[in-house]
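Student: I'd like a close look at one helix pair in this model, and then a quick tour of a few spots elsewhere in the chain. Could you walk me through it?

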Amino acid sequence: MNSGISKLSNGRYTVGEMIGTGGMADVYLGKDTRLDRDVAIKVLRRDLAKDPAFVARFKKEALAAGGLNHPGIVAVYDSGEENNSPYIVMELVSGVTLRQMILDEQISPQRTLEIIKGILQALDYSHSKSIVHRDVKPGNIMITDSGDIKVMDFGIARATGDIGATMTSTWNVVGTAQYLSPEQATGEVADGRSDLYSLGCVMYELLTGTPPFTGDTPVSVAYQHVSSPIIPASQIKPGIDPNIDRMLEVVLAKDPTHRYQDAKAMLADLEHVIKGEPVTTKIKKIFPRRKLITRAALLLSVLAIITFTYISTSPDGVTVKVANVVGLTEDEARALLKNFNINVERAPNAKIPIDRVASQLPLATADAVAGSSVTLTISDGPGNTTVPVGLIGLSLEEARYKLTSAGLLIAQTIAVDSDQAPGVVISINPTPGTTITAGSGVTLEIASGNVQVPSLVGLNEIGAKTVLTQAGFLIREISAYDPNKPIGEILAQAPEGGATKTIGSIVTITINKN
């Protein structure tokens, strides 16, 4: 898919402007032309689409969420893959994430309980279908314009429950580690009780204004989930109902067997609190906490294994995996990247603590030649930053890296007619040189323009459609039958290959069908 360029996906979905971007995927405004409804289309980022593990996780999201039908869960309508770019077609929700709401306003205790209730109802349903979310956090909760609660991004976390994913992808952002259950931190199997623990972390943050555990790095936060006792919410925010303290004590128990065993049990206690009734569920006590000690030791062992794996020397010229160093100090990053030449840049960043790595290029887990360069952007902490110059003429991927290095995000892309090469950046808002808050988003205008029609005759149907949609064309298909050709092969096309047409125009293909 050519990001930011309007096109028809699989002959059914038109893809418009980017409306969101995240750690794994970009989200675009779309239109289901068959059902005449607006949709959101999530496309796995191109740099991750080269990694079979990420592709598998992304596809598992479609499989996991596609079977869920609940008003509290963002619906998944369809999924597919074009030119090795997996995508998911979802319900378009008008509203804000809970993360944005936390940043924008003070949420009352009563509203907090209503939000947690809505999330619990969604989790109760998904768990009844044997689907565990495994990444419950404010960024994955939508509050609609009418105030309803919708949980999204089922499946990605389900696929990242293994040790490798937990210790790399999940920990790229400190915020995710703040909602990680102890069993996820140590690579153990996570079930519905892990979702409840993560939800308890969200509930704690909504009530107190801070997550239950914070730290300079994801590793330090995860270790606290495994080994540190929870501070009662009422000690941070005096006046909180003691029954809420009891609920949090249960749901944030280190041992899953001591938590609520399902969402229904937690919902029952939540209803008591909402009605002003006492909560009777209490946490079980065990002395000594052998499992707690075992988990802490296991976490350290996992860290040691990963560190050893990435520190292992490789001779020059050998292709090796680039370690994940986001969140580490420069010295720690250099130790893990000893096989590479390190370039260091600095930029403000609203999410990564000062003097920690905010981004890296090449990305973590990418293959690179030993002795080649790795560029690290070190956070100067929250503050202002400048929209970088030199974005015009770059591809979207190149522009994304420059903006990330400056502590900024791409909030939206708009395809416009231009005599520039298709897909390149032609305009930025705010303008380059403008001083804005680190962590803010910018809008990019991307050139549409003309492109060459690819040669399709002889390709199979899926391949031809993939090539056309990747190039930005709409598809009209007709059928004919040639017994001397394989079924599904393209027999003819119009315009012919090599012709120059405007992106978004129609190419007709004739498919061999019996």
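Student: In which kind of crossing, left-handed or right-handed, does helix 12 pass helix 13?

Tutor: Left-handed: that's how helix 12 goes past helix 13. Keep in mind that we're looking at a predicted model. Now for the pair itself. Two packed helices are described by the angle between their axes and the distance between the axes. Here, helix 12 covers residues 242-251 and helix 13 covers residues 263-274, and their axes come within 10 Å, crossing at roughly 170°. Anything over 145 degrees counts as roughly antiparallel, so helix 12 is roughly antiparallel to helix 13.

Let's zoom out for a moment. The chain's secondary structure amounts to 17 helices and 24 strands. Of its 514 residues, 50% are buried. If you take contacts between residues at least 6 apart in sequence, 69% of them join residues at least 24 apart.

A few strand residues are worth a stop too. Start with Lys42, which sits in strand 4, residues 37-44. UniProt lists Lys42 under "binding site", in an unreviewed entry. In the model, Lys42 has a relative accessibility of 5%, so it counts as buried.

Next comes Ala447, found in strand 19, which spans residues 441-447. Ala447 is buried because its relative accessibility is 0%.

Finally, go to Thr510 in strand 24, residues 506-512. With a relative accessible area of 13%, Thr510 falls under the 20% cut-off and is therefore buried. What does Thr510 touch, once you set aside its neighbours within four places in sequence? One group of its contacts is Ile478, Ser479 and Ala480, and another is Glu489, Ile490, Leu491 and Ala492.

Terms used:
Residues are numbered from 1 along each chain as its sequence is written. This is a predicted model: local features need pLDDT of at least 70, side-chain atom pairs count only at pLDDT 80 or more; totals for chains, interfaces and linings use all residues. Side-chain values use heavy atoms; hydrogens and water are left out. Axes are lines fitted to C-alpha atoms, for helices over the stretch in contact, and angles run from 0 to 180 degrees between N-to-C directions. Helices (H or I, at least four residues) and strands (E, at least two) are DSSP runs, numbered from the N terminus. Angles under 35 degrees count as roughly parallel, over 145 as roughly antiparallel, 65 to 115 as roughly perpendicular and the rest as oblique. A crossing is left-handed if the near helix is turned anticlockwise from the far one by less than a right angle, and right-handed if clockwise. Buried means under 20% relative accessible area, exposed over 50%, partly exposed in between (1.4 Å probe, protein chains only). Contact means heavy atoms within 4.5 Å. UniProt positions are given in the numbering used here, feature names are shortened, and annotations may be inferred rather than shown by experiment.
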